[in-house]
Amino acid sequence: MRVIQEGEEQEFTGKVCEVLFDCHGDFVGFELCDCCGSHAFKSRLPNIGEIALRACREQLLLSVYVNPR
């Protein structure tokens, strides 16, 4: 396991195992599963929702880069 330094960008790569919607049917995020577990990401951007749905439906490998800023 690699230790992440403060302020360092993190990368998560895996498959979208769940796409999340609120009680109104609006996209609110997705869960990315990798060999170490799962990671939840929040977003309300429609374009991110489209990518998450396609990646989930087609079982595509997806990478998410998180900048601490």
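Before we start, one term: when I say contact, I mean heavy atoms within 4.5 Å of each other. Thanks for coming, everyone. One caution as well: what you see above is a predicted model.

Let's begin with helix H1. H1 runs over residues 46-57. With 12 residues, H1 reaches 16 Å from its first C-alpha to its last, close to the 16 Å expected at 1.5 Å a residue.

Which residues of H1 are buried? They are Gly 49, Ala 52 and Ala 55. These three cover an arc of only 135 degrees around the axis, so they sit on the same side of H1. Here is the general idea behind that: an α-helix has 3.6 residues a turn, so residues three or four places apart point the same way.

What covers those buried residues? The cover includes strands E1 and E2. Now turn to the other side of H1, where Pro 46, Asn 47, Glu 50 and Arg 57 are exposed. Just after the helix, have a look at Gln 59, which takes a positive phi of about 55 degrees.

Next, the charged pairs. How many salt bridges are there? The count comes to 2.

One joins Asp 22 and Arg 44, with their closest N and O atoms 3.4 Å apart. Asp 22 lies in the loop between strand E1 (10-21) and strand E2 (27-34), while Arg 44 lies in the loop between E3 and H1, so this pair ties together parts that are 22 residues apart in sequence. Asp 22 counts as partly exposed because its relative accessibility is 22%. Arg 44, at 55%, counts as exposed, since the cut-off for exposed is over 50%.

Another salt bridge links Arg 54 with Glu 58, and here the closest N and O atoms are 3.3 Å apart. Both partners count as partly exposed: Arg 54 has 46% relative accessibility, and Glu 58 has 43%.

Finally, something for those of you who like surfaces. Which residues make the nonpolar surface patch? Leu 45, Ile 48 and Ile 51 do, and the patch is about 260 Å². Leu 45 is found in the loop between strand E3 (37-42) and helix H1. At 53% relative accessibility, Leu 45 counts as exposed.

So, to go back over the helix: Gly 49, Ala 52 and Ala 55 are its buried residues, and the exposed ones on the other side include Asn 47 and Glu 50.

Key. Residues numbered from 1 in each chain as written. Predicted model: local features only at pLDDT ≥ 70, side-chain atom pairs only at ≥ 80, totals over all residues. Heavy atoms only, no water. Patch = residues over 30% accessible without salt bridge, like charges linked within 9 Å, V, L, I, M, F, W, Y side chains within 5 Å. Areas by Shrake-Rupley, 256 points an atom, 1.4 Å probe, with all protein chains shown as cover. Salt bridge = Lys/Arg side-chain N within 4 Å of Asp/Glu carboxyl O. Helix = DSSP H or I, 4+ residues; strand = E, 2+ residues; numbered from the N terminus. Buried < 20%, exposed > 50% of the residue type's maximum accessible area, 1.4 Å probe, protein only. Expected span 1.5 Å × (residues − 1). Arc of directions from axis to C-beta.
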